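Please look through the model before reading on. The notes below can be checked against it one at a time.

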Amino acid sequence: MSFLFPRRTVAGVAFALLLGLGGARAAEPVTIKIDNFTFSPAEITVPAGTTVTWTNGDDIPHTVVATDKSFRSKALDTGDSFTTTLTKPGTIQYFCSLHPHMTGRITVTP
C-alpha cells in the first residue's frame, strides 16, 4: 500500500519550512559599539543563541570581559571585533578590564 499526499499539502509544508515556520528560527546577530569609553547599547535583551559582536571604534584598546568568566576578549585595537554566541539564559554583566568603569549588561532569554 502506498500513501499519496495531495500536492497542495506537500507544497504548503515545503513553503512553511522555507519560511521557518517548521522549526526554531535563528536569532538575529547583535552588534555593540565601543566608542568614547562606552559600550553602546550598554544594556540589551536577546534570545538564547544570539551572536553578539563588539567592535572598537575608539583610538585606544579595550577588552570585553564577562564577570561570570563566560567570555573574555583579547585587547581590541581600533576597528577590531570580538564575537561570542550566548546560549545560556540569564544575565551577564561585562566590563573593559583596561577601563573598569566601562560596563554593560546582557539579559539572555530562553
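The points that follow cover the nonpolar core, the aromatic residues and one histidine.

1. This is a predicted model, and the remarks here should be read that way. The largest nonpolar core has 20 residues. Those that touch the most other members are Ile32, Phe39, Trp54, Val64, Phe71 and Ile106.

2. Six strands, E1, E3, E4, E6, E7 and E8, each supply at least two residues of this core. E1, which spans 30-35, gives the largest share, three residues. In soluble globular proteins, nonpolar side chains tend to be buried together.

3. Phe71 is one of the core residues with the most contacts to other members.

4. The whole structure contains five aromatic pairs. Phe39 is buried at 4% relative accessible area, and Tyr94 is buried at 2%.

5. Phe39 and Tyr94 also belong to one aromatic cluster, together with Trp54, Phe71 and Phe82.

6. Is His62 buried or exposed? His62 counts as buried because its relative accessible area is 0%, and the cut-off is under 20%. His62 sits in the loop between E4 and E5. Its side chain makes a polar contact of 3.1 Å with the side chain of His99. Beyond four places in sequence, His62 also touches other residues, including Ile34, Phe37, Cys96 and Met102.

How values were computed. Residues numbered from 1 in each chain as written. Predicted model: local features only at pLDDT ≥ 70, side-chain atom pairs only at ≥ 80, totals over all residues. Heavy atoms only, no water. Core = buried A, V, L, I, M, F, W, Y, C linked by side-chain atoms within 4.5 Å. Buried < 20%, exposed > 50% of the residue type's maximum accessible area, 1.4 Å probe, protein only. Helix = DSSP H or I, 4+ residues; strand = E, 2+ residues; numbered from the N terminus. Polar contact = N/O pair within 3.5 Å; in protein donor to acceptor, adjacent residues only side chain to side chain. Contact = heavy atoms within 4.5 Å. Phe/Tyr/Trp six-rings, centres within 6.5 Å; stacked < 30°, edge-to-face > 60°.
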